Amino acid sequence: MQHPDMTLFGHDPWWLMLIKAVAVFGFLVLTVLVAILVERKVLGRMQDRFGPNRVGPWGLLQSLVDGVKLALKEGLLPAGVDRPIYLLAPVIATIPAIMAFAVIPMGPAVSMFGHRTPLQLTDLPVAVLYILAVASVGVYGIVLAGWSSGSTYPLLGGLRSSAQVISYEIAMALSFAAVFLYAGTMSTSGIVAAQQRTWYVFLLLPSFLVYLTSMVGETNRAPFDLPEAEGELVAGFHTEYSSLKFAMFMLAEYINMTTVSALATTMFLGGWHAPWPLSLIGGVNAGWLPLIWFVAKVWLFMFGYMWLRAALPRMRYDQFMALGWKLLIPVSLAWIMVVAITRTLRAEGLSPWGTVVLNTLFTLAVLGALMLRNRRRRNRVRRETTPPPDAGAFPVPPLPREVTHA
């Protein structure tokens, strides 16, 4: 069992903590500005068109100018809103998104202004539960924004978001349970330390796949962007928002994307550890260099978000909820049982590669069951919707060969 070294935290002077907090906030804001620009560029290329290319060299200043434009726009206040809650909702959505990043390890302990300090703001024995708790608070901003707007479509968007977050947070938490069993800790720095030799994406592939699906649903991104589905809800929960208040909702969305991507990196991709074969080189996991590996892994997931938005259409709401309750949660529960069994076998001497084989067999069994289930469903729908060959035709007398003789 891994026991995190919590003695590294809690000894920094206040000014160093302030510097690290400002650095984390600056990293998140800068990531949002770059992500908006990169997403528009990537979507443009995937859709065979140019993205932003006018503002600044190669359009690099487009997202910055858009942010300034939103901040300087007149803030409209609809007549039927609940004013205090209407104004407070964007703040509630944004602040928890930033707070969740406080326990994400971005690198090992380094020397900063003469002090030895980890590249992490703080850590807790239950740091992952802290992230889940803070992320669940953020949904209150969306729900309250929809309710306080005094309009039908925002209210529907807020209700969708609450049901969506509840459904997919269960699957997300169950995917973490397997990680806790292997790492023996809920501390983020302890989980990263436990992956020094083997990343959990190989040992716990089903948990990783469940988390990938859950994190897209948790952040309300395509194809799961049902709380803000412009096709049927105009813009969902932020329909009545404008100016800086609307910008705060967009800021919260992209910061949440960054946070869940960083959490996926921490839980399954070894955190700030260098990938193989770079990990064989001495010194690549020391000093400030691991910060590069961490940021590269985070952007791998960010690109996946953009790819999904360009490739997949929005799901129906009943399909989306069925995916969470009928597939992800049962698979996660079965997988936890498999992990508990393999963990016991590891204690009895089973090699790590034996664990990988068992995990692969479980993944293939689940995929085979899903394919068989979909095939049976398609055949049933085809039988129910296909009319008989003679439906609607004129009556035809039997041919001589079809007449039976007694």
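## Helices and the positive patch

Helices here are DSSP runs of H or I with at least four residues, numbered from the N terminus. With that in hand, here's a look at this predicted model.

Let's start with helix α13, which spans residues 352-385. Arg-383 sits in this helix, and its relative accessibility of 60% is why it counts as exposed, the cut-off for that label being over 50%.

## A buried arginine

Now for Arg-221, which you'll find in the loop between α8 (205-218) and α9 (230-233). Is Arg-221 buried or exposed? Its relative accessibility is 4%, so Arg-221 counts as buried; the cut-off for buried is under 20%.

## The nonpolar patch

Over to the greasy side chains. A nonpolar surface patch is built from Trp-58, Leu-60, Leu-61, Leu-64, Val-65, Val-68 and Leu-72. Put together, these residues have about 740 Å² of accessible area.

Take Leu-61 as one member of the patch. Leu-61 lies in the loop between α1 (14-46) and α2 (62-72). Its relative accessible area is 40%, so Leu-61 counts as partly exposed.

Notes: Residues are numbered from 1 along each chain as its sequence is written. This is a predicted model: local features need pLDDT of at least 70, side-chain atom pairs count only at pLDDT 80 or more; totals for chains, interfaces and linings use all residues. Side-chain values use heavy atoms; hydrogens and water are left out. Helices (H or I, at least four residues) and strands (E, at least two) are DSSP runs, numbered from the N terminus. Buried means under 20% relative accessible area, exposed over 50%, partly exposed in between (1.4 Å probe, protein chains only). Patches are made of residues with over 30% relative accessible area and no salt bridge: like charges are joined within 9 Å, nonpolar side chains (Val, Leu, Ile, Met, Phe, Trp, Tyr) within 5 Å. Accessible areas come from the Shrake-Rupley method with a 1.4 Å probe; for residues, only the protein chains shown count as cover. A salt bridge is a side-chain nitrogen of Lys or Arg within 4 Å of a carboxyl oxygen of Asp or Glu.
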